[in-house]
Amino acid sequence: MTTVRRIPLRRAVRWLLLVVALALAVRFLYWGQPQPRAFTLVPVQPGQWRITHDGNPGEVWQAFDVDDDGVLDRFVTPDGEWTRPSRRHRPPRRWLVVCIDAVPFGVMEELWQRGHFREFHRPSALVSTFPSDSELAIAAALHAPPGPGYEHQYFDRAANRLRGGVFVTLSGRSIPYLPRFDYVAPGWHKSVQYVLVRRAWHAEMGRLRQRFRETQKPVFHAHVSSGDPLFHRLPRAEAQSLLIEFEHVIREAYYAGRGELGVLLWSDHGNSLVRSRSVPLDALLHARGWRRSDALRAPRDVVIPAYGLVGFFVAYCAPEAVAELAADLSRLEGAELVLYRGPEPNVAVLLGTGGRRARLRWNDAGTHYRYEPEQGDPIELEPVLAALAAAGRLDAEGWVADADLFAATARARLPDAVARIRTWAGTTQVENPSDIVVSLKPGYYQGRGWFDRLVTMEGTHGALERDSSLGFAMGTDPLPETLRLRDLLPAELQPRN
Ligand SMILES: [Zn+2]
């Protein structure tokens, strides 16, 4: 007979905890490693590339640009040939559609010019919403219902209180566009990605690669949220070089499709790429006798949500206070443009710096606009309208068509300003439209206090200006040179969930 020697329970628990802690430490140590490169491209002569398959040493492919547009069209491999699919001539069997958050048009265009992403057409400029932030921009591109507010923290008018915040980021609850993606990062990832920028990026590249390998969905929509911290936190050159890992991951997926996979890549907004600091908002409000609060109880109470460190902010106040508060905010250091709705319908009042002031008017259908400057030209539209008038594109009362204005201003310093201002002034952008919105100059942000002491901001977005507002779009099919978010996805690529 043998006797069983009992291990004391307390000692067993201690050992178990140690093993778990060690496992977690090892897991963390190896979390967020760069993804291996599957293929290497070397240009041989104009219009021809030599491709080595790093995953299968000794295997060499050839690729050709057959129509001289700089895009790889035909691939010759040891297992036969395949060509780039085309929606019109040879539709692909499956689609990979990736929103890579915050990649500025200029950054992607430069990479393409340097010979990267040549499986795809030259990047187009994709004009974001105003404010140029993900919540609004992604909802517009995916034609999703409006979310509760402009960011994850928002003012609930009916309840008269600030709601949301980190809980919304962590849980993804009440974000209507999220379920439309087949891949999004988990909430905890979105919370650490602004601190562990590079590792979160590598980890997400790994997850994207893995998730696409596992799917058989005919249209796979992915959102790469860790693109956003690259441009907020890293110098431009480093952010740009990290995008090459994204190129490798996408290339591997595209080549595995052997001409049966269509690809569309896009970003929801850009980034100012200018080191930024906080606007002295509280000092201004205090000096002007306003009380910043989390509810509207007294006539001079103001609610201004503060969440991300972004180049815009929205304000809620009593209806009688709007014009005066807007005028005060237009004197804020770092403010470029302050907007509020006019007393009549279909009118926005625009306040620029130095007392510049105008009204913008539109018809019910939103197809025509009239700009009425009162002092100066706050959105730099007068030269544009003069040119359109000279070309006979203005009617006798000064009204001009949306399409003409888009064509004339889509790449302006304030891209597509009139249509983006009208959307902000409407009632369908968010469930709780603000009374006032302020667009900040490059170099300034407004946001949560403790976070701005924690990190350096190499850039931000949210403003009406070009660098923050122009994302990119490119894919296996050519796109218009410049387009709006709502026009990005053709019907067959709209997510159905
Ligand atoms: Zn951002």
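This is a predicted model: local features need pLDDT of at least 70, side-chain atom pairs count only at pLDDT 80 or more; totals for chains, interfaces and linings use all residues.
Let's start with Asp68. Where does Asp68 lie? Asp68 is in the loop between strand S3 (60-64) and strand S4 (74-77). Now its backbone. The phi of Asp68 is near 65 degrees, a positive value, and Asp68 is not a glycine. Most residues other than glycine have a negative phi.

Next, Arg258. Arg258 also isn't a glycine, and it has a positive phi of about 45 degrees. Arg258 lies in the loop between helix H8 (236-257) and strand S11 (261-266). Buried or exposed? Arg258 is partly exposed, because it has 15 C-beta neighbours inside 10 Å, and a buried residue needs 20 or more.

Phe130 and Pro131 are joined by a cis peptide bond, with omega about -10 degrees. Most peptide bonds are trans. Pro131 sits in the loop between S7 and helix H3 (134-141).

Now zoom out to the domains. The domain assignment gives domain 1 as 39-142 + 177-273 + 465-493, and domain 2 as 277-446. Their C-alpha centres lie 33 Å apart. How many residues of domain 1 are in contact with domain 2? The count is 16, and they meet 16 residues of domain 2.

Which elements give two or more residues to the domain 1 side? They are strand S7 (124-127), helix H15 (466-469) and strand S24 (482-484). H15 gives the largest share, four residues. By class, that side of domain 1 has six nonpolar, five polar and five charged residues.

How values were computed
Residues are numbered from 1 along each chain as its sequence is written. Domain bounds come from an automatic or database domain assignment. Two residues are in contact if their C-beta atoms, placed from the backbone, lie within 7 Å. Ala, Val, Leu, Ile, Met, Phe, Trp, Tyr, Cys and Pro count as nonpolar, Asp, Glu, Lys and Arg as charged, and the others, Gly among them, as polar. A residue is buried if 20 or more other C-beta atoms lie within 10 Å of its own, exposed if 12 or fewer, and partly exposed in between; C-beta atoms are placed from the backbone.
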